[in-house]
Amino acid sequence: MTHRPYDLVILGATGFTGQLVAQYLMKRYGMGGDLHWAIAGRSQTKLEELKQRLGSPELPIVVADNHDRASLDALCEQTHVVCSTVGPYALHGDAVVAACVASGTDYCDLTGEVPWMARMLDRYSEEAVTSGARIVHCCGFDSVPSDMGVAFLQDKAKASLGEPLVEIRMGVEAMRGAMSGGTAASMVNIIQEANKDPQVKKTLSNPFALCPQGQRSGSKQPYVKGPVWNPSLGSWLAPFIMAAINTRVVHKSHALRGHSWGEDFRYEEAMMTGPGFKGRRRAWMLSLALGGFAVGASLSPVRRLMQKTFLPKPGEGPSPQAQEKGFFKLKFVGQTADGRVMAARVTGDRDPGYGSTAKMLGEAAVCLATQCPQSEVAGGFWTPSTALGQAYQERLTQNAGLTFECLD
């Protein structure tokens, strides 16, 4: 590892999100400084074009194909961290993880594909421990704000109340952003997998699916399936499309911490739609829209129509102006076993899925490469909060436009 020339390499750098991560690293860290990084993809021509757009002729290029193991092995020999932006990961991610694990190369990505992550965990966890590779999934909007937000609130609760919170609810107070073609393709692929394979459906329904083997069961978890009033958040709630991802990551973090928040820890996420009649009506509208999308995506004729008409195509995504105008604001409310309450808020200053995600993923890769020694974080499958910890939170607040604050 000491002779590898790059701290990190962005794999899939010419894709929509990969370009955003490359732009962010170039703006924040440039070339010729303390951070040594490169871009990688399967097309030399497209990589050269990206290098020119970034205005950096000295930016190194590595040609590697997600489905060509030899090229991935060669890539891993050159870098400490592979930062993968190529999805759907269930279609394009297996060989990358395998190559990183085999070579002891650290890895991070922005996947939210729970069945795929569960397969990678079961297939490679023991080998990763042996090789020393640290595998950190979900380093974008799913699930950094949720995972880091819960960890932040729990740390504050232990410091001020002397004990952890046994229950936390996260409500999305406000959010502005658009879906990209890559996200749409990943969501549709997960629905297709679930329709074909009962085991995938079972994995999706288990809140503890990403926990280490032997720890994939626990107390009954709350789950918002339709409009419901929540007094602790003071709002009507509707289902949040990312909840099925974020809750699994939070429970994995809890398991990796030795269940330090209590064996019966409960966690829930939902969209906040406000109080009163308007809030209730909006909760119904959001619930019906999400349900309609899930049903439509599961039916082949409807799915093809959706993909042809309004779902973005792979490589498409929100404009730079839309990313600049985007934001998110999340509220976390928790209580201790004896009923004491604490609350926190996490915010981001860009479109959550892309403008903000690019910064979160970029900083995760930098943190993993430069601030996570093997003596503190051993090989294995981790979450953002358990692998990257306080150093990552500081990077997010100093560089990536996120805030973490306790509420009165």
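**Entry 1: strand E1.** I began with E1, residues 6-11. Six of its six residues are buried, so E1 is largely enclosed by the rest of the structure. I count a residue as buried under 20% relative accessible area, exposed over 50% and partly exposed in between, with a 1.4 Å probe and protein chains only. Helices (H or I, at least four residues) and strands (E, at least two) are DSSP runs, numbered from the N terminus.

Before going on I noted the ground rules: the model is predicted, local features need pLDDT of at least 70, side-chain atom pairs count only at pLDDT 80 or more, and totals for chains, interfaces and linings use all residues. Residues are numbered from 1 along each chain as its sequence is written, and side-chain values use heavy atoms, with hydrogens and water left out.

**Entry 2: partners of E1.** Which strands pair with E1? I found E4 (residues 79-84), parallel to E1 over five bridges. I also found E2 (residues 37-41), which runs parallel to E1 and is joined to it by four bridges. Two strands pair if DSSP finds at least two bridges between them. I then checked leucine 11. Its bridge partner in E4 is serine 84, and its bridge partner in E2 is alanine 40. From E1 the chain passes through helix H1 (residues 16-29) to E2, and this β-α-β crossover is right-handed. The term means that, with the strands pointing away from the viewer, the path from the first strand over the helix to the second runs clockwise.

**Entry 3: H1 against H14.** Next I looked at H1 and helix H14 (residues 352-370). Their axes come within 9 Å and cross at roughly 65 degrees. Axes are lines fitted to C-alpha atoms, for helices over the stretch in contact; angles run from 0 to 180 degrees between N-to-C directions. The crossing is right-handed, the near helix being turned clockwise from the far one by less than a right angle. I listed the contact residues (heavy atoms within 4.5 Å). H1 gives Phe16, Thr17, Leu20, Val21, Tyr24, Leu25, Arg28 and Tyr29. H14 gives Tyr354, Ala358, Lys359, Leu361, Gly362, Glu363 and Val366. They divide into ten nonpolar, two polar and three charged. Here Ala, Val, Leu, Ile, Met, Phe, Trp, Tyr, Cys and Pro are nonpolar, Asp, Glu, Lys and Arg charged, and the others, Gly among them, polar.

**Entry 4: alanine 344.** Is alanine 344 buried or exposed? It is buried, with a relative accessible area of 0%. Alanine 344 sits in strand E12 (residues 341-348). Leaving out residues up to four places away in sequence, I found that alanine 344 touches Phe152, Leu153, Leu330, Lys331, Phe332, Glu405, Cys406 and Leu407. I also checked methionine 272: it is 72 residues from alanine 344 in sequence and 15 Å away, C-alpha to C-alpha.

Entry 5: I found a cis peptide bond from glycine 87 to proline 88, with omega near -5 degrees. Proline 88 is in the loop between E4 and helix H4 (89-92). Another cis peptide bond joins aspartate 142 and serine 143, with omega about 20 degrees. Serine 143 lies in the loop between strand E6 (134-136) and helix H7 (144-161). Cysteine 138 is also placed in the loop between E6 and H7. Its phi is positive, about 60 degrees, although it is not a glycine. Cysteine 138 is buried at 2% relative accessible area. Histidine 259, not a glycine either, has a positive phi of about 55 degrees. Histidine 259 counts as partly exposed at 24% relative accessibility.
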